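Dear colleague,

Please find the structure below, handed over for you to look through. My notes on what was found in it follow directly after.

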Amino acid sequence: MERAPYTPGPGGDAAPGARGPGNRLLQFTLTIPFPSAMDAEIAHRFLTPNEELQEPVREELHVNGSILTVRLTADDPGQLQMSITSCLGQLSLVIRAMQIIMPPFFTKPQQ
């Protein structure tokens with residue numbers, strides 16, 4: 001886990017709700033390569049929540065080509081740990097479902 005840089009709020013104070021050690025946010029970034037850009041986009045759509053929730057952990061998902069990047073940011077280590085566990089579980093389910101539903105996309109190209 002890496003720590004996000006400190007970002008002061010208005011007037012140089014800590015951003016509202018920042019309570020982590022030294023008022024710094026904790027950040028976890030996971031980069032997942034997929035066999036194709038379409039596979040990464042499908043996973044992105046399944047993992048993206050339908051609406052933005054105001055939770056103690058911020059979740060960002062981005063697709064760049066066939067790479068899906070997941071970034072979780074929080075000020076509480078316990079909340080971040082629970083979100084990481086949940087995210088990995090959801091990702092595992094999505095990948096398993098994709099392997100069952102779309103097996104041709106998950107086969108390795110023959111050389």
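His44 touches Leu61, His62, Val63 and Leu68, leaving aside residues up to four places away in sequence, where contact means heavy atoms within 4.5 Å. His44 lies in helix H1, and it counts as buried because its relative accessible area is 18%, the term meaning under 20% with a 1.4 Å probe and protein chains only.

Please keep in mind that this is a predicted model, in which local features need pLDDT of at least 70 and side-chain atom pairs count only at pLDDT 80 or more, while totals for chains, interfaces and linings use all residues. Residues are numbered from 1 along each chain as its sequence is written, and side-chain values use heavy atoms, with hydrogens and water left out.

Strand E3 (residues 57-64) runs antiparallel to strand E4 (residues 67-74), and 8 bridges join the two; strands pair if DSSP finds at least two bridges between them, and helices (H or I, at least four residues) and strands (E, at least two) are DSSP runs numbered from the N terminus. His62 has Thr69 in E4 as its bridge partner, and in the hairpin, with 2 residues between the strands, Gly65 takes a positive phi near 70°.

In the largest nonpolar core, which has 21 residues, Leu68, Val70, Leu72 and Leu80 touch the most other members; such a core is a set of buried Ala, Val, Leu, Ile, Met, Phe, Trp, Tyr and Cys residues joined through side-chain atoms within 4.5 Å. Helix H2 (77-101) is among the elements that each supply at least two residues of this core, and H2 gives the most, with 6 residues.

With kind regards

Key:
Buried < 20%, exposed > 50% of the residue type's maximum accessible area, 1.4 Å probe, protein only.
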